[in-house]
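Please consider the sequence and the three-dimensional model shown below.

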Amino acid sequence: MTAIQTTPVLVVGGGPAGLAAAAELSLHGVGCIVIEPRPQVSHRRPRAKTTNVRTMEHMRRWGVADALRAAAPLPVAWSQRVTFCESLTGARITDFDGAFGLTTQRDDRFAEAGQQVPQPVVEEVLRSHLGRCPGAELRLGHRATSLTQDETGVTVAVTDAAGAGYQIRARYVLGCDGASGMTRDAAGARYVGRADPRPNFNMVFRAPELATHLGPSVQYWVVGAGPADISGLMGPLDLAGTWWAGVPGADPAYGEAHSAELINGLVGAPVSHELLATDPWTARMLVADTFADRRLFLVGESAHVNPPWGGHGFNTCVGDAVNIAWKIAAVSRGWATEALLASYEPERRGVVEQTVASAESNMRVLANVLPRDEAAIQRAKRSEFYTLGLVLGYSYAGSPVIQRGSVAAGAVADVSTFIPGTEPGSRLPHHWLPDGSSLYDHLGRGFTLLVPATAASDLPAFSGAVTPETAGKAPGHPGVAELAGRARRLGIPLTVTALPPDYPWPAEFLLVRPDQHIAWRAPDPAGLDIETAAGLRPVRAGV
Ligand SMILES: Cc1cc2nc3c(=O)[nH]c(=O)nc-3n(C[C@H](O)[C@H](O)[C@H](O)COP(=O)(O)OP(=O)(O)OC[C@H]3O[C@@H](n4cnc5c(N)ncnc54)[C@H](O)[C@@H]3O)c2cc1C
(Lines give C-alpha, C1' and ligand atoms only; values in the text may rest on other atoms or scores of the structure.)
Protein backbone atom coordinates (compact mmCIF):
# COMPACT_ATOMS: atom_id res chain seq x y z
CA MET A 1 0.00 0.00 0.00
CA THR A 2 1.30 3.48 -0.90
CA ALA A 3 2.41 5.58 2.04
CA ILE A 4 0.33 8.67 2.78
CA GLN A 5 2.11 11.77 1.53
CA THR A 6 2.17 14.86 3.72
CA THR A 7 2.22 18.60 3.14
CA PRO A 8 1.57 21.61 5.38
CA VAL A 9 -1.13 22.90 3.03
CA LEU A 10 -3.00 21.10 0.26
CA VAL A 11 -4.54 23.38 -2.36
CA VAL A 12 -7.36 21.58 -4.18
CA GLY A 13 -7.67 23.24 -7.58
CA GLY A 14 -5.17 25.25 -9.60
CA GLY A 15 -7.36 27.95 -11.17
CA PRO A 16 -6.72 31.59 -10.29
CA ALA A 17 -7.67 31.12 -6.61
CA GLY A 18 -5.47 28.06 -6.07
CA LEU A 19 -2.47 29.48 -7.93
CA ALA A 20 -2.77 32.76 -6.00
CA ALA A 21 -2.99 30.92 -2.68
CA ALA A 22 0.13 28.93 -3.53
CA ALA A 23 1.96 32.11 -4.56
CA GLU A 24 1.05 33.76 -1.25
CA LEU A 25 2.09 30.71 0.79
CA SER A 26 5.38 30.65 -1.11
CA LEU A 27 5.96 34.34 -0.41
CA HIS A 28 5.89 33.42 3.28
CA GLY A 29 8.05 30.33 2.85
CA VAL A 30 5.31 27.79 3.55
CA GLY A 31 5.20 24.70 1.36
CA CYS A 32 2.12 23.39 -0.38
CA ILE A 33 0.92 20.91 -2.96
CA VAL A 34 -1.55 22.14 -5.59
CA ILE A 35 -3.57 19.45 -7.34
CA GLU A 36 -5.19 20.43 -10.62
CA PRO A 37 -6.85 18.15 -13.17
CA ARG A 38 -6.14 20.31 -16.26
CA PRO A 39 -2.67 19.55 -17.65
CA GLN A 40 -2.78 22.66 -19.84
CA VAL A 41 -4.83 25.81 -19.63
CA SER A 42 -7.23 26.36 -22.50
CA HIS A 43 -6.95 29.56 -24.52
CA ARG A 44 -10.28 28.75 -26.11
CA ARG A 45 -12.20 29.85 -23.01
CA PRO A 46 -10.47 33.09 -22.08
CA ARG A 47 -13.08 34.10 -19.45
CA ALA A 48 -11.53 36.82 -17.23
CA LYS A 49 -9.73 39.59 -19.08
CA THR A 50 -9.67 42.25 -16.38
CA THR A 51 -6.89 41.98 -13.84
CA ASN A 52 -7.65 44.88 -11.53
CA VAL A 53 -5.25 47.20 -9.73
CA ARG A 54 -5.51 45.28 -6.45
CA THR A 55 -4.69 41.94 -8.07
CA MET A 56 -1.80 43.62 -9.90
CA GLU A 57 -0.54 44.89 -6.52
CA HIS A 58 -0.54 41.32 -5.26
CA MET A 59 1.29 40.24 -8.43
CA ARG A 60 3.88 42.90 -7.52
CA ARG A 61 4.17 41.47 -3.99
CA TRP A 62 4.85 38.03 -5.52
CA GLY A 63 7.35 39.51 -7.98
CA VAL A 64 5.36 38.61 -11.11
CA ALA A 65 3.72 41.91 -12.13
CA ASP A 66 6.32 42.61 -14.79
CA ALA A 67 6.19 39.06 -16.12
CA LEU A 68 2.41 39.27 -16.38
CA ARG A 69 2.56 42.57 -18.26
CA ALA A 70 5.19 41.13 -20.59
CA ALA A 71 3.00 38.11 -21.30
CA ALA A 72 -0.19 40.13 -21.75
CA PRO A 73 -1.00 40.40 -25.46
CA LEU A 74 -2.59 43.86 -25.05
CA PRO A 75 -0.18 46.40 -23.53
CA VAL A 76 -1.84 48.98 -21.27
CA ALA A 77 -0.38 51.69 -23.52
CA TRP A 78 -2.30 50.26 -26.47
CA SER A 79 -5.69 51.22 -25.03
CA GLN A 80 -7.34 52.17 -21.76
CA ARG A 81 -10.75 52.65 -23.34
CA VAL A 82 -14.16 50.99 -23.57
CA THR A 83 -16.18 52.13 -26.59
CA PHE A 84 -19.94 52.03 -27.10
CA CYS A 85 -20.96 51.98 -30.73
CA GLU A 86 -23.68 51.04 -33.18
CA SER A 87 -21.32 48.41 -34.61
CA LEU A 88 -17.59 48.12 -35.20
CA THR A 89 -18.09 49.64 -38.62
CA GLY A 90 -20.86 51.99 -37.44
CA ALA A 91 -21.10 55.17 -35.41
CA ARG A 92 -19.44 55.76 -32.07
CA ILE A 93 -21.90 56.52 -29.25
CA THR A 94 -19.55 57.19 -26.34
CA ASP A 95 -16.28 56.14 -24.70
CA PHE A 96 -15.13 55.41 -21.16
CA ASP A 97 -11.44 56.33 -20.90
CA GLY A 98 -9.28 54.96 -18.12
CA ALA A 99 -11.68 52.05 -17.62
CA PHE A 100 -10.80 49.10 -15.35
CA GLY A 101 -7.93 51.02 -13.67
CA LEU A 102 -6.01 51.12 -16.97
CA THR A 103 -3.54 53.99 -17.07
CA THR A 104 -0.01 54.67 -18.22
CA GLN A 105 0.38 57.50 -15.70
CA ARG A 106 1.79 56.94 -12.23
CA ASP A 107 -1.14 57.33 -9.88
CA ASP A 108 -0.54 57.85 -6.17
CA ARG A 109 -3.57 55.78 -5.28
CA PHE A 110 -2.12 52.44 -6.38
CA ALA A 111 1.19 50.69 -6.95
CA GLU A 112 0.11 49.02 -10.19
CA ALA A 113 -2.36 49.94 -12.91
CA GLY A 114 -4.89 47.39 -14.09
CA GLN A 115 -4.06 45.07 -16.96
CA GLN A 116 -6.23 43.46 -19.61
CA VAL A 117 -4.98 39.92 -20.01
CA PRO A 118 -6.84 36.70 -20.74
CA GLN A 119 -7.25 34.42 -17.73
CA PRO A 120 -5.29 31.53 -19.36
CA VAL A 121 -2.26 33.84 -19.67
CA VAL A 122 -2.56 34.79 -15.98
CA GLU A 123 -2.73 31.11 -15.08
CA GLU A 124 0.31 30.29 -17.22
CA VAL A 125 2.35 33.09 -15.63
CA LEU A 126 1.40 31.90 -12.14
CA ARG A 127 2.06 28.25 -13.02
CA SER A 128 5.51 29.16 -14.20
CA HIS A 129 6.11 31.34 -11.11
CA LEU A 130 5.21 28.41 -8.86
CA GLY A 131 7.67 26.29 -10.80
CA ARG A 132 10.36 28.61 -9.45
CA CYS A 133 9.07 28.58 -5.84
CA PRO A 134 10.97 25.84 -3.99
CA GLY A 135 8.18 24.89 -1.58
CA ALA A 136 5.27 24.81 -4.03
CA GLU A 137 4.51 21.65 -5.96
CA LEU A 138 1.97 21.81 -8.77
CA ARG A 139 0.58 18.37 -9.64
CA LEU A 140 -1.17 18.60 -12.98
CA GLY A 141 -3.58 15.87 -14.01
CA HIS A 142 -4.41 15.11 -10.36
CA ARG A 143 -7.90 15.39 -8.89
CA ALA A 144 -9.26 15.23 -5.32
CA THR A 145 -12.01 12.67 -4.84
CA SER A 146 -12.77 12.76 -1.12
CA LEU A 147 -11.76 14.52 2.07
CA THR A 148 -11.94 13.62 5.74
CA GLN A 149 -10.97 15.71 8.75
CA ASP A 150 -9.87 14.78 12.23
CA GLU A 151 -8.37 16.62 15.19
CA THR A 152 -4.92 17.06 13.71
CA GLY A 153 -5.36 17.28 9.99
CA VAL A 154 -7.14 16.48 6.76
CA THR A 155 -6.74 13.41 4.58
CA VAL A 156 -7.57 13.84 0.92
CA ALA A 157 -7.94 11.03 -1.58
CA VAL A 158 -6.44 11.97 -4.93
CA THR A 159 -6.42 10.35 -8.36
CA ASP A 160 -3.29 10.92 -10.43
CA ALA A 161 -2.99 11.47 -14.18
CA ALA A 162 -2.85 7.71 -14.80
CA GLY A 163 -5.99 7.11 -12.72
CA ALA A 164 -4.16 5.65 -9.72
CA GLY A 165 -5.37 6.67 -6.29
CA TYR A 166 -3.25 7.91 -3.40
CA GLN A 167 -3.70 10.00 -0.24
CA ILE A 168 -2.32 13.31 0.95
CA ARG A 169 -2.41 14.35 4.57
CA ALA A 170 -2.32 18.11 5.24
CA ARG A 171 -2.64 20.38 8.23
CA TYR A 172 -4.88 22.69 6.20
CA VAL A 173 -6.77 22.37 2.92
CA LEU A 174 -7.74 25.24 0.68
CA GLY A 175 -10.79 24.41 -1.41
CA CYS A 176 -9.99 26.29 -4.63
CA ASP A 177 -11.87 23.89 -6.91
CA GLY A 178 -14.40 26.34 -8.29
CA ALA A 179 -18.15 26.23 -8.53
CA SER A 180 -18.41 22.54 -9.42
CA GLY A 181 -15.66 21.16 -7.22
CA MET A 182 -16.00 18.81 -4.26
CA THR A 183 -14.75 20.87 -1.31
CA ARG A 184 -17.92 22.91 -0.79
CA ASP A 185 -19.88 19.73 -0.11
CA ALA A 186 -17.02 18.39 2.00
CA ALA A 187 -17.25 21.55 4.13
CA GLY A 188 -21.00 21.03 4.52
CA ALA A 189 -21.54 24.39 2.83
CA ARG A 190 -24.31 25.33 0.41
CA TYR A 191 -24.56 28.14 -2.09
CA VAL A 192 -27.31 30.63 -1.34
CA GLY A 193 -28.55 32.83 -4.17
CA ARG A 194 -29.88 32.51 -7.66
CA ALA A 195 -29.03 32.18 -11.32
CA ASP A 196 -30.04 34.67 -13.96
CA PRO A 197 -32.42 32.88 -16.33
CA ARG A 198 -31.02 34.58 -19.46
CA PRO A 199 -28.39 32.70 -21.45
CA ASN A 200 -25.15 34.24 -22.73
CA PHE A 201 -23.12 33.02 -25.67
CA ASN A 202 -19.40 33.75 -25.97
CA MET A 203 -17.22 33.07 -29.00
CA VAL A 204 -13.51 33.19 -29.77
CA PHE A 205 -12.58 33.73 -33.39
CA ARG A 206 -9.72 34.68 -35.68
CA ALA A 207 -10.34 37.64 -37.97
CA PRO A 208 -6.98 39.20 -38.93
CA GLU A 209 -8.71 41.47 -41.43
CA LEU A 210 -11.10 42.93 -38.87
CA ALA A 211 -10.29 46.59 -38.37
CA THR A 212 -12.40 49.33 -36.90
CA HIS A 213 -12.42 53.06 -37.54
CA LEU A 214 -13.29 53.50 -33.84
CA GLY A 215 -9.65 53.07 -32.80
CA PRO A 216 -8.18 50.84 -30.10
CA SER A 217 -10.51 49.77 -27.29
CA VAL A 218 -10.35 46.85 -24.90
CA GLN A 219 -14.11 46.34 -25.25
CA TYR A 220 -16.55 47.45 -27.92
CA TRP A 221 -20.14 47.43 -26.72
CA VAL A 222 -22.49 47.17 -29.67
CA VAL A 223 -25.86 48.66 -28.83
CA GLY A 224 -28.67 47.25 -30.98
CA ALA A 225 -26.83 47.77 -34.21
CA GLY A 226 -26.72 46.88 -37.84
CA PRO A 227 -29.28 45.32 -40.11
CA ALA A 228 -29.42 42.27 -37.87
CA ASP A 229 -29.99 44.46 -34.80
CA ILE A 230 -27.57 42.41 -32.72
CA SER A 231 -26.32 43.71 -29.37
CA GLY A 232 -23.36 42.46 -27.43
CA LEU A 233 -19.74 43.14 -26.78
CA MET A 234 -16.44 42.12 -28.24
CA GLY A 235 -12.77 42.87 -27.89
CA PRO A 236 -9.35 41.83 -29.07
CA LEU A 237 -7.57 39.02 -27.25
CA ASP A 238 -4.30 39.99 -28.92
CA LEU A 239 -3.00 42.32 -31.60
CA ALA A 240 -2.75 39.53 -34.18
CA GLY A 241 -6.45 39.14 -35.02
CA THR A 242 -7.87 36.93 -32.25
CA TRP A 243 -11.13 38.26 -30.83
CA TRP A 244 -13.72 37.33 -28.25
CA ALA A 245 -17.40 38.26 -28.46
CA GLY A 246 -20.36 37.79 -26.15
CA VAL A 247 -24.03 38.02 -26.94
CA PRO A 248 -26.43 38.30 -24.00
CA GLY A 249 -29.69 36.49 -24.54
CA ALA A 250 -28.39 34.02 -27.16
CA ASP A 251 -28.97 30.43 -26.07
CA PRO A 252 -26.42 27.71 -26.92
CA ALA A 253 -28.46 26.14 -29.74
CA TYR A 254 -29.07 29.49 -31.40
CA GLY A 255 -25.48 30.61 -30.90
CA GLU A 256 -23.96 27.43 -32.35
CA ALA A 257 -26.22 27.65 -35.40
CA HIS A 258 -25.82 31.39 -35.99
CA SER A 259 -22.30 32.27 -34.83
CA ALA A 260 -21.33 33.90 -38.15
CA GLU A 261 -24.51 35.97 -38.11
CA LEU A 262 -23.77 37.12 -34.57
CA ILE A 263 -20.17 38.07 -35.35
CA ASN A 264 -21.10 39.85 -38.59
CA GLY A 265 -23.94 41.59 -36.76
CA LEU A 266 -21.61 42.97 -34.09
CA VAL A 267 -19.11 44.07 -36.73
CA GLY A 268 -21.91 45.57 -38.85
CA ALA A 269 -20.62 43.95 -42.03
CA PRO A 270 -19.58 40.50 -43.18
CA VAL A 271 -16.11 39.76 -41.89
CA SER A 272 -13.95 36.86 -42.88
CA HIS A 273 -13.35 34.84 -39.73
CA GLU A 274 -12.60 31.40 -38.33
CA LEU A 275 -14.61 30.41 -35.26
CA LEU A 276 -12.21 28.86 -32.74
CA ALA A 277 -14.51 28.12 -29.82
CA THR A 278 -17.86 28.79 -28.23
CA ASP A 279 -18.58 29.18 -24.52
CA PRO A 280 -22.20 29.39 -23.39
CA TRP A 281 -22.66 30.56 -19.79
CA THR A 282 -25.22 31.89 -17.37
CA ALA A 283 -24.72 34.51 -14.71
CA ARG A 284 -25.07 33.42 -11.08
CA MET A 285 -25.23 35.33 -7.82
CA LEU A 286 -24.22 32.78 -5.21
CA VAL A 287 -22.51 32.97 -1.83
CA ALA A 288 -21.89 29.90 0.33
CA ASP A 289 -23.54 29.87 3.74
CA THR A 290 -20.16 29.17 5.34
CA PHE A 291 -16.60 29.59 4.03
CA ALA A 292 -14.86 27.16 6.36
CA ASP A 293 -15.14 23.92 8.26
CA ARG A 294 -12.36 23.42 10.81
CA ARG A 295 -9.18 22.95 8.70
CA LEU A 296 -10.85 23.34 5.31
CA PHE A 297 -11.32 26.82 3.83
CA LEU A 298 -13.34 27.59 0.71
CA VAL A 299 -11.51 30.06 -1.49
CA GLY A 300 -12.71 31.72 -4.70
CA GLU A 301 -15.62 30.36 -6.68
CA SER A 302 -16.04 27.36 -4.40
CA ALA A 303 -17.37 29.97 -1.95
CA HIS A 304 -19.03 32.51 -4.25
CA VAL A 305 -19.89 33.26 -7.86
CA ASN A 306 -20.81 36.60 -9.40
CA PRO A 307 -21.79 37.71 -12.89
CA PRO A 308 -18.73 38.75 -14.93
CA TRP A 309 -19.99 42.30 -15.56
CA GLY A 310 -17.40 44.66 -14.11
CA GLY A 311 -14.64 42.03 -14.26
CA HIS A 312 -14.52 41.19 -10.55
CA GLY A 313 -14.81 37.39 -10.36
CA PHE A 314 -11.25 36.19 -10.48
CA ASN A 315 -9.97 39.31 -8.75
CA THR A 316 -12.20 38.61 -5.74
CA CYS A 317 -10.94 35.02 -5.74
CA VAL A 318 -7.35 36.32 -5.55
CA GLY A 319 -8.38 38.57 -2.64
CA ASP A 320 -9.72 35.53 -0.77
CA ALA A 321 -6.58 33.55 -1.50
CA VAL A 322 -4.26 36.24 -0.16
CA ASN A 323 -6.37 36.70 2.97
CA ILE A 324 -6.39 33.05 4.04
CA ALA A 325 -2.93 32.12 2.78
CA TRP A 326 -0.91 34.70 4.74
CA LYS A 327 -2.85 33.72 7.86
CA ILE A 328 -2.19 30.00 7.36
CA ALA A 329 1.45 30.85 6.72
CA ALA A 330 1.59 32.81 9.99
CA VAL A 331 0.06 29.91 11.95
CA SER A 332 2.33 27.38 10.21
CA ARG A 333 5.39 29.44 11.07
CA GLY A 334 4.25 29.54 14.68
CA TRP A 335 3.69 33.25 15.24
CA ALA A 336 -0.10 33.32 15.06
CA THR A 337 -2.89 31.17 16.42
CA GLU A 338 -5.91 29.64 14.77
CA ALA A 339 -7.95 32.62 16.00
CA LEU A 340 -6.37 34.43 13.08
CA LEU A 341 -7.82 31.84 10.67
CA ALA A 342 -11.26 32.40 12.16
CA SER A 343 -11.11 35.97 10.83
CA TYR A 344 -11.08 34.77 7.20
CA GLU A 345 -14.83 34.55 6.74
CA PRO A 346 -15.75 37.70 8.73
CA GLU A 347 -13.25 39.66 6.64
CA ARG A 348 -14.11 38.28 3.22
CA ARG A 349 -17.87 37.77 3.40
CA GLY A 350 -18.66 41.49 3.28
CA VAL A 351 -16.30 42.07 0.34
CA VAL A 352 -17.79 39.15 -1.54
CA GLU A 353 -21.37 40.26 -0.92
CA GLN A 354 -20.62 43.80 -2.12
CA THR A 355 -18.96 42.42 -5.22
CA VAL A 356 -21.86 40.14 -6.06
CA ALA A 357 -24.28 43.05 -5.57
CA SER A 358 -22.24 45.36 -7.80
CA ALA A 359 -21.90 42.77 -10.57
CA GLU A 360 -25.62 42.03 -10.40
CA SER A 361 -26.38 45.72 -10.66
CA ASN A 362 -24.15 45.97 -13.75
CA MET A 363 -26.09 43.10 -15.27
CA ARG A 364 -29.37 45.02 -15.08
CA VAL A 365 -28.37 47.18 -18.03
CA LEU A 366 -26.69 45.15 -20.75
CA ALA A 367 -26.05 46.11 -24.35
CA ASN A 368 -29.38 44.67 -25.47
CA VAL A 369 -31.43 47.00 -23.27
CA LEU A 370 -29.35 50.19 -23.47
CA PRO A 371 -30.62 53.10 -25.52
CA ARG A 372 -28.27 54.50 -28.16
CA ASP A 373 -27.83 57.60 -26.09
CA GLU A 374 -24.52 58.90 -24.79
CA ALA A 375 -25.85 60.45 -21.59
CA ALA A 376 -27.94 57.41 -20.70
CA ILE A 377 -25.01 55.06 -21.29
CA GLN A 378 -22.63 57.20 -19.26
CA ARG A 379 -25.12 57.24 -16.42
CA ALA A 380 -25.91 53.53 -16.54
CA LYS A 381 -22.44 52.07 -17.09
CA ARG A 382 -20.06 54.35 -15.19
CA SER A 383 -20.13 52.11 -12.12
CA GLU A 384 -19.14 49.11 -14.25
CA PHE A 385 -15.92 50.60 -15.62
CA TYR A 386 -14.77 52.84 -12.76
CA THR A 387 -14.71 50.68 -9.65
CA LEU A 388 -11.79 51.81 -7.51
CA GLY A 389 -14.17 52.35 -4.59
CA LEU A 390 -15.00 48.64 -4.66
CA VAL A 391 -11.60 47.35 -5.70
CA LEU A 392 -9.48 49.35 -3.23
CA GLY A 393 -11.98 50.87 -0.83
CA TYR A 394 -13.23 47.78 1.00
CA SER A 395 -12.36 47.42 4.65
CA TYR A 396 -11.85 44.61 7.11
CA ALA A 397 -13.12 46.77 9.98
CA GLY A 398 -15.24 44.73 12.35
CA SER A 399 -12.89 41.74 12.07
CA PRO A 400 -11.89 40.24 15.43
CA VAL A 401 -8.21 40.87 14.60
CA ILE A 402 -8.63 44.52 13.58
CA GLN A 403 -8.64 47.42 16.04
CA ARG A 404 -12.08 48.01 17.47
CA GLY A 405 -13.80 51.33 17.18
CA SER A 406 -12.92 51.66 13.54
CA VAL A 407 -15.82 52.25 11.22
CA ALA A 408 -17.61 48.93 10.77
CA ALA A 409 -17.35 47.36 7.36
CA GLY A 410 -20.43 48.38 5.46
CA ALA A 411 -21.35 48.55 1.84
CA VAL A 412 -18.98 50.71 -0.17
CA ALA A 413 -21.08 53.85 -0.67
CA ASP A 414 -20.10 54.37 -4.29
CA VAL A 415 -18.12 51.72 -6.15
CA SER A 416 -16.58 54.40 -8.40
CA THR A 417 -15.29 56.69 -5.65
CA PHE A 418 -12.20 55.69 -3.74
CA ILE A 419 -11.27 57.79 -0.73
CA PRO A 420 -8.07 56.42 0.80
CA GLY A 421 -7.67 56.62 4.56
CA THR A 422 -5.89 55.06 7.51
CA GLU A 423 -8.94 53.75 9.37
CA PRO A 424 -7.98 50.31 10.72
CA GLY A 425 -9.21 47.64 8.34
CA SER A 426 -8.47 49.73 5.25
CA ARG A 427 -5.79 48.97 2.73
CA LEU A 428 -2.79 51.16 3.62
CA PRO A 429 -3.04 54.28 1.42
CA HIS A 430 -0.43 53.93 -1.27
CA HIS A 431 2.28 56.53 -1.90
CA TRP A 432 5.08 56.94 -4.41
CA LEU A 433 8.44 57.83 -2.87
CA PRO A 434 11.00 60.29 -4.20
CA ASP A 435 13.29 57.50 -5.43
CA GLY A 436 10.48 56.13 -7.61
CA SER A 437 9.75 53.15 -5.39
CA SER A 438 6.36 52.34 -3.93
CA LEU A 439 5.66 52.61 -0.22
CA TYR A 440 4.52 49.00 -0.53
CA ASP A 441 7.99 47.91 -1.65
CA HIS A 442 9.24 48.84 1.83
CA LEU A 443 6.76 46.79 3.82
CA GLY A 444 7.95 43.58 5.40
CA ARG A 445 6.54 40.13 4.70
CA GLY A 446 5.24 39.97 8.25
CA PHE A 447 3.83 43.00 10.07
CA THR A 448 5.21 46.48 9.46
CA LEU A 449 5.28 49.36 11.91
CA LEU A 450 5.09 52.63 10.00
CA VAL A 451 6.48 55.51 12.01
CA PRO A 452 5.27 59.07 11.31
CA ALA A 453 8.01 61.19 9.76
CA THR A 454 7.87 63.63 12.66
CA ALA A 455 8.76 60.83 15.10
CA ALA A 456 11.28 59.15 12.86
CA SER A 457 14.26 61.45 12.72
CA ASP A 458 16.52 58.59 13.68
CA LEU A 459 15.10 56.07 11.25
CA PRO A 460 16.40 55.81 7.73
CA ALA A 461 13.77 57.36 5.50
CA PHE A 462 13.33 54.63 2.96
CA SER A 463 16.91 53.76 2.53
CA GLY A 464 15.61 50.35 3.49
CA ALA A 465 13.63 49.01 6.37
CA VAL A 466 15.29 48.93 9.74
CA THR A 467 15.20 45.77 11.78
CA PRO A 468 13.60 45.57 15.21
CA GLU A 469 17.11 45.56 16.62
CA THR A 470 18.01 48.84 14.91
CA ALA A 471 14.73 50.38 15.93
CA GLY A 472 15.46 49.43 19.50
CA LYS A 473 18.62 51.50 19.39
CA ALA A 474 16.88 54.59 18.01
CA PRO A 475 16.89 57.20 20.77
CA GLY A 476 13.68 59.06 21.35
CA HIS A 477 11.49 56.10 20.35
CA PRO A 478 10.94 54.05 23.46
CA GLY A 479 7.54 52.98 22.14
CA VAL A 480 9.05 51.66 18.93
CA ALA A 481 11.71 49.77 20.80
CA GLU A 482 9.13 48.36 23.19
CA LEU A 483 6.85 47.15 20.38
CA ALA A 484 9.80 45.70 18.48
CA GLY A 485 10.82 43.86 21.66
CA ARG A 486 7.32 42.46 22.15
CA ALA A 487 7.22 41.27 18.56
CA ARG A 488 10.64 39.67 18.90
CA ARG A 489 9.65 37.80 22.06
CA LEU A 490 6.49 36.50 20.37
CA GLY A 491 8.36 35.58 17.20
CA ILE A 492 6.22 37.92 15.09
CA PRO A 493 8.20 39.26 12.14
CA LEU A 494 8.07 43.05 12.36
CA THR A 495 9.68 45.53 10.01
CA VAL A 496 9.96 49.10 11.26
CA THR A 497 10.18 51.90 8.78
CA ALA A 498 9.46 55.61 8.50
CA LEU A 499 6.63 57.21 6.60
CA PRO A 500 7.83 59.86 4.16
CA PRO A 501 7.36 63.49 5.25
CA ASP A 502 4.88 64.15 2.44
CA TYR A 503 2.63 61.20 3.33
CA PRO A 504 -0.87 62.68 3.43
CA TRP A 505 -1.73 60.87 6.71
CA PRO A 506 1.32 61.71 8.79
CA ALA A 507 0.03 61.83 12.34
CA GLU A 508 -0.12 58.29 13.70
CA PHE A 509 1.81 55.06 14.02
CA LEU A 510 0.35 52.37 11.77
CA LEU A 511 0.60 48.62 12.24
CA VAL A 512 0.24 47.07 8.78
CA ARG A 513 -0.43 43.38 8.11
CA PRO A 514 1.27 41.23 5.47
CA ASP A 515 -1.70 41.88 3.15
CA GLN A 516 -1.14 45.67 3.36
CA HIS A 517 -4.27 46.26 5.45
CA ILE A 518 -3.97 48.45 8.55
CA ALA A 519 -4.53 46.38 11.69
CA TRP A 520 -4.05 49.11 14.27
CA ARG A 521 -3.23 52.82 14.47
CA ALA A 522 -2.33 54.92 17.48
CA PRO A 523 -0.52 58.12 18.43
CA ASP A 524 2.01 55.96 20.31
CA PRO A 525 3.27 52.45 19.45
CA ALA A 526 2.28 51.30 22.94
CA GLY A 527 -1.31 51.48 21.69
CA LEU A 528 -0.72 49.00 18.86
CA ASP A 529 -2.08 45.59 19.84
CA ILE A 530 0.07 43.31 17.72
CA GLU A 531 -0.94 40.34 19.90
CA THR A 532 -4.62 40.62 18.94
CA ALA A 533 -3.72 41.38 15.32
CA ALA A 534 -1.90 38.02 15.19
CA GLY A 535 -4.74 36.19 16.92
CA LEU A 536 -2.61 35.64 20.03
CA ARG A 537 -5.23 37.01 22.43
CA PRO A 538 -8.62 35.37 22.88
CA VAL A 539 -11.11 36.89 20.50
CA ARG A 540 -13.29 39.37 22.35
CA ALA A 541 -16.95 38.66 22.61
CA GLY A 542 -19.35 40.90 20.80
CA VAL A 543 -16.97 42.00 18.10
C1 LIG B 1 -17.60 34.93 -19.55
C2 LIG B 1 -16.84 35.17 -18.31
C3 LIG B 1 -16.06 36.30 -18.21
C4 LIG B 1 -15.35 36.56 -17.04
N5 LIG B 1 -14.61 37.70 -16.96
C6 LIG B 1 -13.96 38.01 -15.80
C7 LIG B 1 -13.14 39.19 -15.68
O8 LIG B 1 -13.01 39.99 -16.62
N9 LIG B 1 -12.50 39.43 -14.50
C10 LIG B 1 -12.61 38.55 -13.47
O11 LIG B 1 -12.04 38.82 -12.40
N12 LIG B 1 -13.34 37.40 -13.55
C13 LIG B 1 -14.02 37.12 -14.70
N14 LIG B 1 -14.72 35.94 -14.80
C15 LIG B 1 -14.77 35.02 -13.66
C16 LIG B 1 -13.55 34.10 -13.56
O17 LIG B 1 -13.42 33.34 -14.72
C18 LIG B 1 -13.74 33.20 -12.34
O19 LIG B 1 -14.11 34.00 -11.24
C20 LIG B 1 -12.46 32.44 -11.93
O21 LIG B 1 -12.07 31.53 -12.90
C22 LIG B 1 -12.69 31.68 -10.62
O23 LIG B 1 -11.45 31.20 -10.18
P24 LIG B 1 -11.36 29.95 -9.18
O25 LIG B 1 -9.91 29.61 -9.12
O26 LIG B 1 -12.09 30.23 -7.94
O27 LIG B 1 -12.18 28.81 -9.92
P28 LIG B 1 -11.91 28.09 -11.30
O29 LIG B 1 -11.30 29.02 -12.30
O30 LIG B 1 -13.16 27.40 -11.66
O31 LIG B 1 -10.79 27.02 -10.95
C32 LIG B 1 -11.12 25.86 -10.20
C33 LIG B 1 -10.08 24.83 -10.52
O34 LIG B 1 -10.31 23.68 -9.72
C35 LIG B 1 -10.07 22.54 -10.52
N36 LIG B 1 -10.85 21.43 -9.92
C37 LIG B 1 -12.17 21.15 -10.04
N38 LIG B 1 -12.48 20.04 -9.35
C39 LIG B 1 -11.33 19.59 -8.78
C40 LIG B 1 -11.00 18.49 -7.96
N41 LIG B 1 -11.93 17.58 -7.58
N42 LIG B 1 -9.72 18.32 -7.55
C43 LIG B 1 -8.75 19.24 -7.91
N44 LIG B 1 -9.03 20.31 -8.71
C45 LIG B 1 -10.30 20.48 -9.13
C46 LIG B 1 -10.55 22.92 -11.90
O47 LIG B 1 -9.91 22.15 -12.91
C48 LIG B 1 -10.13 24.39 -11.97
O49 LIG B 1 -8.87 24.59 -12.55
C50 LIG B 1 -15.44 35.66 -15.96
C51 LIG B 1 -16.22 34.50 -16.07
C52 LIG B 1 -16.93 34.27 -17.22
C53 LIG B 1 -17.80 33.07 -17.32
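Predicted model: local features only at pLDDT ≥ 70, side-chain atom pairs only at ≥ 80, totals over all residues.

Residues are numbered from 1 along each chain as its sequence is written, and side-chain values use heavy atoms, with hydrogens and water left out.

The protein is divided into domain 1 (5-75 + 111-191 + 285-367) and domain 2 (428-533), with bounds taken from an automatic or database domain assignment. Their C-alpha centres lie 30 Å apart. Across the boundary, 14 residues of domain 1 are in contact (heavy atoms within 4.5 Å) with 17 residues of domain 2.

In soluble globular proteins, nonpolar side chains tend to be buried together. A nonpolar core is here a set of buried Ala, Val, Leu, Ile, Met, Phe, Trp, Tyr and Cys residues joined through side-chain atoms within 4.5 Å; buried means under 20% relative accessible area, exposed over 50%, and partly exposed in between, with a 1.4 Å probe and protein chains only. The largest such core has 128 residues, and Leu-25, Trp-62, Phe-84, Leu-174, Phe-447 and Leu-494 touch the most other members. Helix α8 gives the most to this core, with twelve residues. Both domain 1 and domain 2 supply at least three residues each to this core. A second, separate core of 21 residues includes Leu-88, Leu-210, Ile-230 and Trp-243.

Helix α8 (residues 313-332) also pairs with helix α1 (residues 16-27): their axes come within 8 Å and cross at roughly 35 degrees. Helices are DSSP runs (H or I, at least four residues) and strands likewise (E, at least two), numbered from the N terminus; axes are lines fitted to C-alpha atoms, for helices over the stretch in contact, with angles from 0 to 180 degrees between N-to-C directions. Among the residues that meet are Ala-20, Ala-21 and Leu-25 in α1, and Ala-321, Val-322 and Ala-325 in α8.

Asp-320 is found in helix α8 as well. Asp-320 is buried, with a relative accessible area of 0%, and among the residues it touches are His-304, Tyr-344 and Arg-348.

Phe-100 sits between β5 (92-97) and β6 (115-116) and is buried at 7% relative accessibility. Arg-294 lies between β16 (292-293) and β17 (296-298) and is exposed at 56%.

Key: Lists of a residue's contacts leave out its neighbours within four places in sequence.
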